[in-house]
Amino acid sequence: MAGSSTVLKRAVEALDLLLGRAGAAGTGPLQATRHADLLESFRSNVAAVEEQLAGNPQWAELQGLRVELSRQALWAAPCPDVPWSFTSHALLLLLCLKHCMLRLAAAFHPPLPNPKTAEAAPALSPDTLSIAQEKTVQAALQFVVTLGLCPYLLPGVGLPLGRRTEFSALVHEVISRGSLSGATRRLYATCTVLLEVAQHPSLGSLILTRHLGDLLAGLCQLGFCPARREGEQAKLGLELTGLTEEERAGCREALQGLLGRVYQPLVVRELLLLQGGSSKQGSHSSKGEGEGGLAPAPAWLRRLCGQLLSERLVRPGGVQAVVRGILEGAGAGAVGGKSAEAAAADWRKCDAVARILSSCPQQSLSLEDYYREVCPQVLQLLLIQDKLTAAQFQRVAATTVLALARRHPREAEKHLLQPLLEPLLRCSQVAGVSPEVLPAGTVLVKEEELSGCVESVFKVYVAGNEPLAVLLASLQPALGVVFSLYCFTKQNVSFLRHPCQEILLWFLEKSERETALSVLEGLARLGGATRPLHPQCQFQVAGEGGAAITVRRTVQGGEEEEEEEEALYQKISSEQWQLEQLVDLVSRCRSSGVAGDLFIRCLKELTHIAGQGAADVESVPLSRRSPVELEPPERQLQVLQLVAMLCEGISDSLFTDVAQVVDFVATTLQRACVALSCRSEAAVEAQTLSMAMGLVAAMLAGAVQLKSADFAALEQRLLPLLGEVSRVHPEPVLQELAADLRASICTRGAFSPETVSSAAQSTLGKARASRAPPEKPRVAHLACGSAAEPGSSGTPRGSLARPPAAGPGSSAGGLQELLLSVCDPDVPARAAALRTLSGLIEQRDPEALERREKLLQVFVENLEHEDSFVYLSAIQGVALLADASPEQVLPCLLAQYGGAQPDTRKAWRAETRMKLGEALMRATRALGDMVFAHRDRLIQAFLRGARDPESSLRASSLSNLGELCRILQFQLGSVVHEVSSCLAAIAQTDPEAEVRRAAVHVVVLLLRGLSQRATEVLRDVLLDLYRLLKSVVRCERDEVTVLHAQLALEELDGIMRQFLFPQQTLEKKIVVLP
């Protein structure tokens, strides 16, 4: 081993001596002198090495190895050509160095690591080169490539020496002056020796990282260059027939081995340079050289590089290698950084890579086979998580998908879009997977898979923003699952909410209007072409902020009826929640007019259902119809619910153009005609019909600038319907208005009767009143109507709007008129009167406070009203009255909250009692610390409510109890024991999950409200509450209840940590001594 180490040192010394002054030669002022100096330097260095090898006994072992290797190499024979003699000596010394390093590595046996000194570095291998030795070897390799490889390449193959460094240009001139006989043999010898030396890992890294392109160029020329004619050989001065077919086959095999061994992005970059980079490089050469442009790559080399690049592309991981090679070669950097961000921002580079990937190469057998290999790798680029390179890779992948969808939509859908959307389609109702046969809890789509799918769809469809037909058609079947996921994320905190919302909005805005409406109908469960989530599948919160899809637990026939009712309640509440989110989603794309078209379509559906229902009533006598047939169908209820939500959510900006308003008015008139022709008692209310015709009157009066196309639409759509209304409607006022509107439309506004002007002014006045400031609520609420909602309460026939009641005042007549308006059947008038009375109480009006018993009775009676506008106004009035006179009002409210109605034995409904509870809590918040005087009665009422047979009232009472305890804090006193016992009993024994949730939520409110004071206020029951929470976490089946318990434990943990380990503060204390 010591002998091999000595030979290694001597080989490096010989290389150093051989290089000598060669690198510094040729720096003279005259060109001829520089050539002579360089040749003389080569000659003298070779002689010096020969002298040392022959005369120095310390180099005898190296000389023996060198002689042994030279006998096996025919190219090592003495040659009068000085540059080649210099190159052959360098090649022999590199082979000697490689053999010595292999011997040292084979004889090295590292010692076992010492466990006592585990942190010590491992022993260094003896074949490791020092930094100085590496520099010497690198210089020798540079000379070998410059003298023995590059001069023998054909024009256009690789980068010529004249275009490299100044020294390389000088070497090129020196070699071109000499004889080039046997050029192919010399190129073959250099390439084979470099390949052999590169078998050692250390030497191979030095060769392949710096000279891979030159080595590839040499092997391509040796193995694939076609034989030339004799005239061309003489013209080039090269001998190209010096290799046998076996040697050429060996070069081709060595090329394939080298390509498979090296880092693939580097291979791609070098092949691209060989294929066409030379001409591009030549354009950047300095103009002062005075030489012509570079020769283009030969046709055979371009075809060969194209074939090799295609082979790299279809290999596993080939797409990523090609992308890295192109982007890194374009200046993107090997590991990203600022240059990577710049490359990602340059869409031209990404577009070029996408064109390469989407174009099937000529060497591929078929288009189908190529896309089958490449497309899965393109989809993998979308899932790269490396922050430094993800931006450019994902941009390239998205651009590739879009380019492929444009060129070959059928193949794109089969190999890209369907695999991309497969996790979403897997759980649809028509998918091949059958969740019924899988056990409950089986994970159908994991969190990583679902998150990657949604993010990839967002990058391709939304970020790409190219509404191709194949993209829209492929995304439509998956929208049902995307919408279900969106609704699920609205109930939780998830990063998937934004991409799901953007995907849905992108489809609704980019697709055709009929398709968008069909999708919205499917999402609203009214039919359509949307595939919803399978009923047996459900979303589940995952650990990384995403979601997973699992199999839902089914309720078997033998299970308890309560569980079936709970499942039915969950289903109905889920559908209600999804409908609310659908309306919210539609409200976000108001500019496209989708919301207005959906609303009009729903009205048309109601008209069709009404006509069909009336025909059924006439055909079948009422006495012969079953009770089931008397109930409205489910579809009608869903349409009604959707219309009501659209009116409530986005009524202020539902219509975006005149055409939608015309459609709405035409639909309303058609509904009125159908109802009148069928003699239905549920005819369209007069207020709704008046409002619709008032819109037409306002447009004719100049509220909207009408064009000729708008007048044509009015004439085509509304004239027949207005004529029929004027003939068959029983109200004379509406008949006259319809006839006058018909005349005004026919004259295109030239004839405007007084009835049309009055209707226009009334409609425009309502619009202004609906935008009135909140300081005048009565005018605003009385002016706005609910005619757009089907089935709303109507006004007396023939009236367009009810006159407002008297405003706030101190006169007895004004208060009496308000009390009369409270009984008005018109919802806006009643609600406005209630809010006006609440304003009087808030202003402490003496007359209103004097009649507080009457006002309390009025407010409590209106709590039973079904319209939220009315009962919320009543709740506000009760709370303000209790705040103004707590001693007189609170006892009455508490008695009604826990028992029967006053002056009757009839019990309150649970819904009304919950409204009373809300009023009590508002009054409690307003009283603040003064609520202590009524503490016992409030707590007793809520504790009694917690034992009510109605589960919703029990949950409401517990919620009120928690809020009251949070307000009382230190004033809670000994009642805390009763509250704790009640909560423990309910949380452990109540059969309803909703009530158990409320009980645990009370504990959360207590801990969160008391904060650091909990250790003092709840001192006696804190341990019991902790044990209760732990029991709920271990034994409770309801996930929401467990979540509340975990939140309470987190609050308790923070309180106890702060109590046991208080924050240390530095304070100065000054003590005055006596």
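**Helix packing and cysteines in a predicted model**

Q: Which residue just after α41 takes a positive phi?
A: This is a predicted model, in which local features need pLDDT of at least 70, side-chain atom pairs count only at pLDDT 80 or more, and totals for chains, interfaces and linings use all residues. Residues are numbered from 1 along each chain as its sequence is written, and side-chain values use heavy atoms, leaving out hydrogens and water. Helices (H or I, at least four residues) and strands (E, at least two) are DSSP runs, numbered from the N terminus. Just after α41, phi is positive, about 70 degrees, at Gly 928.

Q: How far does α41 reach from its first C-alpha to its last?
A: The helix has 18 residues. The expected span is 1.5 Å times one less than the number of residues. That gives 26 Å expected, and α41 comes close to this, reaching 26 Å.

Q: Which helices are included in what covers the buried residues of α41?
A: Buried means under 20% relative accessible area, exposed over 50%, partly exposed in between (1.4 Å probe, protein chains only). Buried residues of α41 include Leu 916, Leu 920 and Leu 927. Their cover includes α38 (852–862), α39 (868–884), α40, α42 and α43.

Q: Which residues of helix α42 are buried?
A: The helix runs over residues 935–945. What covers its buried residues includes α40 (886–898), α41 (910–927), α43 (951–968) and α44 (975–989). The buried residues are Arg 935, Leu 938, Ile 939, Ala 941, Phe 942, Leu 943 and Gly 945.

Q: Are α45 and α48 roughly parallel or roughly antiparallel to each other?
A: Helix α45 (residues 993–1010) and helix α48 (residues 1039–1060) pack with axes 9 Å apart, at an angle of about 15 degrees. Axes are lines fitted to C-alpha atoms, for helices over the stretch in contact (heavy atoms within 4.5 Å), and angles run from 0 to 180 degrees between N-to-C directions. Angles under 35 degrees count as roughly parallel, over 145 as roughly antiparallel, 65 to 115 as roughly perpendicular and the rest as oblique. The pair is therefore roughly parallel.

Q: How many disulfides does the structure hold?
A: A disulfide is a pair of cysteine sulfur atoms within 2.5 Å. The structure has none, so the count is zero.

Q: How far from Cys 487 is the nearest cysteine sulfur?
A: Cys 487 counts as buried, at 2% relative accessibility. This cysteine is in no disulfide. The nearest cysteine sulfur belongs to Cys 500, at 9.7 Å.
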